[in-house]
Structures are given as structure tokens and as C-alpha cells.
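Please look over the chain below before reading on. The notes that follow go through its inner spaces, its cores, its strands and a few single residues.

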Amino acid sequence: MFLFRLLLKNAFRYRLRALLTMIGLIVAISAFGLLRTIVDAWYAGVDGTSSTRLVTRSSISLTFPLPLNYAERIRSVDGVSGISWANWFGGIYITERNFFAQFAVDPPTYLALYPEFVLSDQEKAEFFRDRKGCVVGRKLARKFGWKVGDTIALRGTIYPGTWSFTIRGIYQGKDAKTDEQQMFIHWKLLAETIRARMGAQADHVGVYVVGIHNPDDAPAVSQRIDALFKNSLAETMTETEKAFQLGFVSMSEAILMAVQAVSFIIILIIMAVMANTMTMTARERLAEYATLKALGFPPAFVVKLLFGESLLIALIGGLIGMAVTFPLARAFVNAAGTLFPIFNVSALTISLQLLASVVVGTVAAAWPAWKMSRIDIVQGLRHVA
């Protein structure tokens with residue numbers, strides 16, 4: 001207890017310097033946490049995937065649709081437990097800033113493959129019944145103030161015109177990894193509209209979602225599906241849902257690497273600042289440390305003083321920085337709109353922030369502690385006024 005009080009007094013002997021150092025630590029640790037959370041948010045879609053779902057798309061590109069009659073042939077493949085399909089809708093709600101994912105799906109088969117989207121039996125029945133109905137995620141409904149029975153108007157981009165949908169259900173995620181910022185409409189409504197405008201183009205889908213019995217069979221089932229359509233006019237590429245999501249993440253991999261690099265550079269910068277502070281502190285107390293050694297205190301005691309003071313400042317600044325991360329993350333995600341469906345400060349991020357604080361405090365004190373442990377008593381006492 002005596003040592004702790006001594007460390008506390010030493011740490012705040014020069015209050016302005018200690019305060020400025022801690023402010024720097026707070027900014028650095030909170031910024032590190034925010035940047036790590038942004039990276040986690042990019043991978044959130046990957047973490048929320050299922051090992052029992054495959055995605056079949058055109059082998060050329062996602063922009064090339066697949067014929068609807070592929071569904072029955074895929075269903076007959078050994079190892080397949082269910083199949084559904086989806087089209088990206090891409091409508092605009094009021095303004096382009098209000099971006100969120102919209103999919104035209106076959107409701108009964110699609111929801112059967114996605115049990116993590118939790119709806120009541122009544123909501124499901126209403127959605128299945130109403131061709132112009134839709135279901136939306138809880139976070140999305142909360143953001144725009146929607147409730148069951150409201151009508152949503154979307155301005156089409158891929159499919160021109162104004163589309164109106166009535167909310168028949170608001171789903172909630174089974175766990176924190178489930179995206180609650182999506183909207184699902186009826187594929188049949190979309191197909192009927194396209195058929196009236198373009199005829200045969202209506203009988204095509206963007207991707208097939210394939211359920212499988214055993215996750216270990218994913219490679220074999222994928223090969224069987226793709227073999228069915230080899231050398232056809234619309235060859236397919238089947239992969240796990242996780243690999244499909246990683247394909248989107250890889251498009252921004254360079255940006256993610258840059259964000260991660262910046263997060264570590266911030267820690268290195270504050271480490272240098274902290275090391276400079278501790279070096280100045282050690283120089284100013286040279287005479288004190290020499291006096292302690294002259295009185296019989298071992299070099300290890302001086303080392304404890306420097307390391308303890310450095311760790312105390314680093315941990316106080318780090319803990320405040322960790323606490324600041326949460327409101328900072330909320331402010332960021334509110335400013336970002338619906339860009340990040342899942343944006344949570346993870347336990348791993350908090351652990352990394354704590355580790356970074358300890359590392360900064362330890363490394364910053366290493367050099368001055370080593371130097372002060374080796375000071376000559378006579379030379380040190382010459383600094384006594």
C-alpha cells in the first residue's frame with residue numbers, strides 16, 4: 001500500500017505533464033479500439049454465416065442471373081436438404097444515404113434456411129399471404145421508426161419505378177451476430193413485374209441458397225452442383241456461405257489492412273511519447289534515485305518505482321480510453337447510418353486495448369529503468385542542489 005501511494009504521488013508530481021500524457025493515451029487507446037471495431041464490423045457478415053448453407057451463383061459474375069429451372073435439379077443432388085433463391089433489389093428509401101440490404105426471396109423456403117431470423121407464426125403467415133408485404137430487421141425498424149402495418153416506398157434503381165411494400169413482420173436476430181438491418185420482399189412480385197416488362201427475363205434469379213445435411217460434405221456437394229451445369233449456357237460456381245461473404249470482404253482488403261496498420265501505428269506513436277515522458281522523469285529524479293541507492297535501497301527498488309509509475313499512468317489512461325470507446329463507437333455508427341449492420345465493441349477489442357496499455361507502460365519505462373538502476377551514486381549526488 002505504501003508503494004502504491006508513493007507511485008501515485010510520483011505519477012502526479014507534475015500534474016500538467018501527467019494529464020497531457022494521459023490525454024494522449026486516452027485518444028490513442030480509444031482510437032485503436034474504434035479502428036479495431038470497424039475491422040470487426042467488416043467481417044461481421046462472415047462471422048454470422050452458417051456451415052450448413054451453400055451459395056450457387058453464375059461462374060462469370062454475380063451480375064449474371066441463373067435460370068429458375070435450376071432449382072429442381074439442385075434439389076435432387078445428393079446431400080442437399082433444401083433450396084431457395086434471392087435477387088438483390090437495390091431500392092432507395094428517401095435518399096441514397098439510407099442504404100440497407102434488400103432481397104427479393106421466396107419466403108417459405110428462404111426463411112426455412114435462415115432460422116436465425118426470428119418471426120412469430122402470425123408474422124410469417126401474413127408475410128406469406130401478402131404478395132406486396134415485406135419483413136424488416138429490428139434495428140432497421142428502430143432506425144426509421146417503422147412498425148408492422150406501415151407502408152414503405154422505395155425508388156427502384158435496378159428495377160425502375162416506385163415500389164410500395166407493407167411491413168408484415170419485424171424479425172429479430174437469434175444472436176448478436178445476426179444482421180438485423182435487412183429487408184425481404186416477395187420474389188414472385190418482382191418476377192411478375194419483370195415478366196410484364198421483359199418477358200422471359202423474369203424466370204431468373206440472382207443466387208441460389210442451398211441447405212446441406214452435413215457441413216463436412218460442402219466440397220463434395222458443391223462439385224456435384226457445378227458438374228450438373230458444366231458446359232451449359234449458364235455455368236455455376238458453388239461455395240460455402242462463408243467463402244461467398246469473404247469474396248465481398250476481399251474487395252476492400254487493402255483498405256482493411258490500411259486501417260489495421262493505422263491502429264498499430266497509433267500505439268507506436270503514443271509509446272514513443274510515453275517513453276519520452278518517462279525519460280524526462282528519470283533525468284529529473286537522478287539525485288533522488290542516487291540518494292535511495294546511497295541509503296541502501298537495491299537497484300531493483302528504483303526499477304520498481306519507474307515501471308510502477310509508467311504502468312500506473314498507462315493503465316489509468318488506457319482504462320479511460322476503453323470506457324470512451326463505447327460512446328465513440330455509438331457516435332460513429334450513428335454517423336455512418338446503415339453502412340455497418342453489426343457494430344459492437346467486442347471482448348477481444350477490449351482485451352487488446354488493455355494489452356496495448358500494459359505494453360506501452362512497460363516499454364516506455366524499460367530504457368530509463370535500466371539506466372537508473374546502473375547510475376553511479378557519486379555522480380548522481382552531484383545533482384543535489
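**Briefing: spaces, cores and strands**

The largest cavity has a volume of about 60 Å³. This is a predicted model, in which local features need pLDDT of at least 70 and side-chain atom pairs count only at pLDDT 80 or more, while totals for chains, interfaces and linings use all residues. Residues are numbered from 1 along each chain as its sequence is written, and side-chain values use heavy atoms, with hydrogens and water left out.

**The cavity**

- A cavity is a set of points, on a 1 Å grid over the protein atoms alone, where a 1.4 Å probe fits but cannot get out; lining residues have an atom within 4 Å of a point.
- Grid points are joined across faces, edges and corners, and a volume is the space filled by probe spheres set on the points.
- A search of the whole structure finds one cavity of 30 Å³ or more.
- Eleven residues line the largest cavity, and A11, R17, T281, E309 and I313 lie nearest its centre.
- At least two lining residues come from each of α1 (2–11), α2 (15–42), α11 (253–284) and α13 (299–336). Helices here are DSSP runs of H or I with at least four residues, strands are runs of E with at least two, and both are numbered from the N terminus.
- The lining of the largest cavity divides into four nonpolar, three polar and four charged residues. Ala, Val, Leu, Ile, Met, Phe, Trp, Tyr, Cys and Pro count as nonpolar, Asp, Glu, Lys and Arg as charged, and the others, Gly among them, as polar.

**The second largest pocket**

- A pocket, unlike a cavity, is an open set of points with protein on both sides within 12 Å along at least five of seven lines.
- The second largest pocket has a volume of about 390 Å³.
- It is lined by 16 residues, of which K139, R330, V333, N334 and F343 are the closest to its centre.
- Both α7 (138–144) and α13 supply at least two residues of this lining, and α13 gives the largest share, five residues.
- By class, the lining of this pocket has eight nonpolar, four polar and four charged residues.

**Nonpolar cores**

- A nonpolar core is a set of buried Ala, Val, Leu, Ile, Met, Phe, Trp, Tyr and Cys residues joined through side-chain atoms within 4.5 Å. Buried means under 20% relative accessible area, exposed over 50%, and partly exposed in between (1.4 Å probe, protein chains only).
- The largest nonpolar core has 41 residues, and V136, W146, F165, M183 and Y208 have the most contacts inside it.
- Helix α8 (residues 187–198) gives the most to this core, with five residues.
- Another core, of 22 residues, lies apart from it and includes A28, I267, M271 and I313.
- In soluble globular proteins, nonpolar side chains tend to be buried together.

- Four of the five residues of strand β4 (residues 101–105) are buried.
- Strand β3 (residues 80–88) runs antiparallel to β4 and is joined to it by three bridges; W88 stands opposite F103 in β4. Two strands pair if DSSP finds at least two bridges between them.
- Strand β9 (residues 182–186) runs parallel to β4, with five bridges between them; A101 stands opposite Q182 in β9.
- In helix α10 (residues 241–250), E241, F244 and V249 are buried. They are on the same side of α10 because they cover an arc of only 145° around the axis, the arc being that of the directions from the helix axis to the C-beta atoms.

**Single residues**

- S30 is in helix α2 and counts as buried because its relative accessibility is 6%. S30 and T325 are 295 residues apart in sequence and 4.9 Å apart in space, C-alpha to C-alpha.
- A234 is in the loop between α9 (218–228) and β12 (236–240), and it counts as buried at 15% relative accessibility. A234 and F64 are 170 residues apart in sequence and 8.4 Å apart in space, C-alpha to C-alpha.
- Most residues other than glycine have a negative phi.
- I94, which is not a glycine, has a positive phi of about 65°. I94 lies in the loop between β3 and β4 and counts as exposed at 64% relative accessibility.
- N231 also has a positive phi, near 65°. N231 is found in the loop between α9 and β12 and counts as exposed at 68% relative accessibility.
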